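Let's take a friendly walk through this protein together. Have the sequence and the 3D view open as you read.

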Amino acid sequence: MTQADAEAKAPPAAKLTLLTLTTMVVGSMVGAGVFSLPRRFAQETGVAGALIAWAVAGTGMLMLAFVFQRLAIRRPDLDAGVYAYAKAGFGEYLGFFSAFGYWASACVGNVTYWVLIMSTIGAIAPALGEGDTVLAVVLSSVGLWAFFFLIRRGVKEAAAINRIVTVAKVVPILVFVILALFYLKPDVFAENWGGADYAGSLFQQVKGTMLATVFVFLGVEGASVYSRHAKRREDVGRATILGFLSVFAIFASVTIVSYGLMPMSEIAELRQPSMAEVLEHAVGNWGQVFVSVGLIVSVLGAYLAWTLMAAEVLFVAAKDEDMPRFLGRSIGDDVPAPALMMTTLLTQVVLVVTLFSDDAFNFALDLTSALTLIPFLLAAGFAVKIARAGPGSDLVFAALATVYTAFLLYAAGLKYLLVSFIIYAPATILFVMARREQGRQLFSPRELVILAVSIAGAILGIVALALGWISL
């Protein structure tokens, strides 16, 4: 069956327009991260470092956006972009790792949403703490499974809800930026320019913010994940660029204007969501309430979008026989129910793990970013490989995106690389299950090398945690 035949036979619910794809990209990008930016940046850098960090992150992510745009056009035969590109470029095992890593990052990222919601409510209900108490985890778990049953009813209904939520959640963020500009204090802004004493050198300040910028930009690849549902293939690339440009200015503005309202050392000590407390400092209690309500709407919308994308990656990987067959089953209106169940279960496990973390939100945020970097790096590397036979601009975009993601791995540091290995290595069980189902050799010589590296990294990570070299 040809691609055209497959699309023609797809049910109407599976056909996504440019507007819907763009909304999904924006919906997945505008989530917990933006509401946490003031405190996270103030913990690492001053105004000058923040401007440089956003310039680096914006340029790097724009290159990645161009990469996904060009790949969607040049390789329309590849579905579920991030995973499919890694497989096409570097083989089935690394493609499997890309699919699993991207899926796992989405699950860990979903945990940050529940932590932030509970932390927000915790401002008036102390028993919830900062989203990391037993009660907070129990209530988060209830919400987690409620969304599971909602999404299980159908992708069409979930996508419709996401469109409404995306519009609703952007409004409080824009209001925050406008009010912050109105109340901005030039002397405070100038005082925060170079950063506080604890921030270190300018390079260290920029490096320290990189994982936070990755987190808020996660979702830029969202349209490529849904490529099999697109009404027109070219809409995948357009939605990627439009979605990125729609939110970049908002993210940078939220960070920069906050430096004009409070000293960065004070912002660094605020509870999350720090954006709400920054606005409260400027306009009073109603500002905190306004942002908090917007945050809950925003985060629930982002959770919906990311759960859909995570399940989609597992589903397509199973259809390509790189995951066990049971993950390729769907019910009703094209809902990948087993993949959705796996997504919810892993999110539940990580949610419980936050009880043992010193800083549940920041740990989950950084781990989400670190898990995503390998899939991004492999996709950018594949773009370099095929760009050699295309326009020169494609090669430039791909090369810059590759350099950027490699720098992000360095910025993430050894801690998150080792923890990522702990998550990646056991996933090979799923790969082995898929190979056994097909009656194939489990590993090629090249794949055995990759397996050995992942197991060695996981063992080192476990030893490092046990001996206290690194901590959650």
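## Helix H7

The buried residues of H7 are Ala136, Val137, Ser140, Ser141, Gly143, Leu144, Phe147, Phe148 and Ile151. An α-helix has 3.6 residues a turn, so residues three or four places apart point the same way.

H7 covers residues 134-152, and its 19 residues should span 27 Å at 1.5 Å a residue. The C-alpha atoms at its ends are 27 Å apart, in agreement with that expectation.

## The model as a whole

Please keep in mind that this is a predicted model. The average pLDDT of the protein chain is 80, and 85% of the residues score at least 70. Residues 1-14 call for some care: pLDDT stays under 50 there. For that stretch the model has twelve contacts beyond four places in sequence.

The protein chain contains 20 helices and zero strands. Of its 472 residues, 58% are buried. If you look at contacts between residues at least 6 apart in sequence, 82% of them join residues at least 24 apart.

Which residues touch the most other members of the largest nonpolar core? They are Trp54 and Met323, in a core of 146 residues. The largest share of this core comes from H6, with 19 residues.

H6 itself runs over residues 92-122. Its 31 residues reach 45 Å from the first C-alpha to the last, close to the 45 Å expected at 1.5 Å a residue. H6 is mostly covered, with 29 of its 31 residues buried.

Back at Trp54, you can trace its contacts beyond four places in sequence. Among them are Leu37, Phe41 and Thr59, along with Thr213, Val216 and Phe217. Trp54 also touches Phe248, Phe251, Ala252, Thr255 and Ile256.

## Thr209 in helix H10

Thr209 sits in helix H10, which spans residues 202-217. Is this threonine, Thr209, buried or exposed? Thr209 counts as buried because its relative accessibility is 1%, and the cut-off for buried is under 20%.

The side chain of Thr209 reaches the backbone oxygen of Val206 at 2.8 Å. Leaving out residues up to four places away in sequence, Thr209 touches Phe41, Glu44, Thr45 and Ala53. Phe41 is also one of the residues that Trp54 touches.

## Ala398 in helix H18

Ala398 belongs to helix H18, residues 392-424. With a relative accessible area of 0%, Ala398 is buried. Beyond its neighbours within four places in sequence, Ala398 is in contact with Val67, Ala380, Ala383 and Val384.

How many residues apart in sequence are Ala398 and Leu64? They are 334 residues apart in sequence, and their C-alpha atoms are 7.4 Å apart in space.

## Glu321 in a loop

Let's finish at Glu321, in the loop between helix H15 (285-319) and helix H16 (337-353). The phi angle of Glu321 is near 65 degrees, a positive value in a residue other than glycine.

Glu321 has a relative accessible area of 42%, so this residue is partly exposed.

How values were computed: Residues numbered from 1 in each chain as written. Heavy atoms only, no water. pLDDT = per-residue confidence, 0-100. Contact = heavy atoms within 4.5 Å. Helix = DSSP H or I, 4+ residues; strand = E, 2+ residues; numbered from the N terminus. Expected span 1.5 Å × (residues − 1). Buried < 20%, exposed > 50% of the residue type's maximum accessible area, 1.4 Å probe, protein only. Polar contact = N/O pair within 3.5 Å; in protein donor to acceptor, adjacent residues only side chain to side chain. Core = buried A, V, L, I, M, F, W, Y, C linked by side-chain atoms within 4.5 Å.
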